[in-house]
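User: I'd like to learn how to read a few features from a protein model. Can we go through them one at a time?

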Amino acid sequence: PDAAMSPQQRPPWFGSFVGWIQAAVLLLGVGLVAMLAVHRLRAPPPAPAWAVALVSQAGDSHGEARGKRGTPYRETVEALFDGSHVAGFAAGRPRGDMFIARHSGEHGTEEYGPVVLSENAKLLRRALQQQGFVHGTYWHGTENAFVPSILSGGFLVSDGMLGVGIYTTATFAHAQCYSPGEGQPILELEIYWDPANKHRYIKHVAHQSLANDVMLVSDPLLIFPVAVHACCPQKLTCVR
């Protein structure tokens with residue numbers, strides 16, 4: 001077999017070549033270390049323990065109670081979302097069924113734009129993300145009078161024909177069907193679930209509509225409003 005080259009047999013450029021390789025490897029290592037350090041600096045800190053505890057409760061048997069006013073479970077939700085509002089508008093306060101009955105059908109103040117979440121709501125969302133929950137974009141048609149209450153207190157559950165929960169749609173077009181019409185709001189939502197058991201958190205329910213995309217959410221802890229849009233620029237996809 002050929003013997004390895006002795007130092008005397010190596011060409012003149014050999015030492016420089018090896019030196020360049022060693023330098024390149026060193027620079028690459030330094031670059032990787034620097035990238036990891038920057039990533040750690042940019043990564044948000046761990047969510048607080050109370051938020052992690054709420055993640056473990058989300059979607060449990062108390063989800064319905066968290067969506068009904070007058071229960072200790074509901075108080076937790078309202079405290080979380082207190083202060084959330086549409087950018088440029090003052091935060092409202094949570095309202096109940098009596099308010100809904102009295103003000104349904106009123107045009108109300110139009111509030112459109114991105115939603116500014118309360119700090120507590122942001123921490124809960126961070127905890128969901130850090131615990132491995134994923135999210136999708138869904139929609140909810142409502143009335144202007146109810147937007148401040150939804151944002152500052154979280155969603156209420158409905159006891160509808162398709163079950164108890166928070167009704168949303170997978171498409172903006174279908175959500176328009178649940179808004180009174182022009183100049184009324186459609187809420188854009190981030191809804192979270194554990195991919196290991198999605199059905200516990202959000203599920204499709206068959207609906208006699210062109211879209212058939214109604215999604216029922218089990219717990220208001222899982223829903224984070226992103227923006228409020230004006231109805232109704234798209235073709236409606238309502239009942240067949």
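This is a predicted model: local features need pLDDT of at least 70, side-chain atom pairs count only at pLDDT 80 or more; totals for chains, interfaces and linings use all residues.

Analyst: Start with accessibility. N212 has a relative accessibility of 28%, so N212 counts as partly exposed. The partly exposed class lies between the buried cut-off of under 20% and the exposed cut-off of over 50%.

User: Where does N212 lie?

Analyst: N212 sits in the loop between β7 (202-204) and β8 (214-217). Check its backbone too. Its phi is positive, about 45°, although N212 is not a glycine.

User: Which residues with positive phi follow α6 and α4?

Analyst: Glycines, in both places. G132 follows α6, with a positive phi near 90°. G83 follows α4, with a positive phi near 100°.

User: Which residues does a cis peptide bond join?

Analyst: Look at omega. The cis bond joins C231 and C232, with omega about 5°. C232 belongs to the segment after β9.

User: Now helices. How many residues does α6 have?

Analyst: Helix α6 spans residues 119-130 and has 12 residues. Compare its length with expectation. From first C-alpha to last, α6 reaches 16 Å, close to the 16 Å expected at 1.5 Å a residue.

User: Which residues of α6 are buried?

Analyst: A121, L124, A127 and L128. Now look down the axis. The buried residues of α6 fall within an arc of 120°, so they line one face of the helix. Then ask what covers them. The cover includes α2 (49-57), α4 (72-81), β6 (185-193) and β9 (223-230).

User: And which residues are buried in α4?

Analyst: R74, V77, E78, L80 and F81. Seen down the axis of α4, these buried residues fall within an arc of 155°, so they line one face. On the other side of α4, P72 and E75 are exposed. The cover over the buried residues of α4 includes α2, α3 (63-66), α6, α7 and β9.

User: Take α7. Is S149 buried or exposed?

Analyst: S149 is found in helix α7, residues 147-153. Its relative accessibility is 11%, so S149 counts as buried. Next, list its contacts. Leaving out residues up to four places away in sequence, S149 touches R93, P94, R95 and G154.

User: Let's turn to charges. How many salt bridges does the structure hold?

Analyst: The general idea: side chains of opposite charge can pair when their charged atoms come close. This structure holds seven salt bridges. One of them pairs D60 with R66, the closest N and O atoms being 2.6 Å apart. R66 is buried, because its relative accessible area is 2%. D60, at 25%, counts as partly exposed.

User: Which residues are linked with D60 in a network?

Analyst: R66 and D219. Salt bridges link D60, R66 and D219 in a network.

User: Which residue pairs with R125?

Analyst: E190. The closest N and O atoms of E190 and R125 are 3.9 Å apart. This pair links distant parts of the chain: E190 is in strand β6, R125 is in helix α6, and they are 65 residues apart. E190 counts as buried, at 16%. R125 is partly exposed, at 24%.

Terms used: Residues are numbered from 1 along each chain as its sequence is written. Side-chain values use heavy atoms; hydrogens and water are left out. Helices (H or I, at least four residues) and strands (E, at least two) are DSSP runs, numbered from the N terminus. Buried means under 20% relative accessible area, exposed over 50%, partly exposed in between (1.4 Å probe, protein chains only). Contact means heavy atoms within 4.5 Å. The expected span of a helix is 1.5 Å times one less than its number of residues. The arc is that of the directions from the helix axis to the C-beta atoms. A salt bridge is a side-chain nitrogen of Lys or Arg within 4 Å of a carboxyl oxygen of Asp or Glu.
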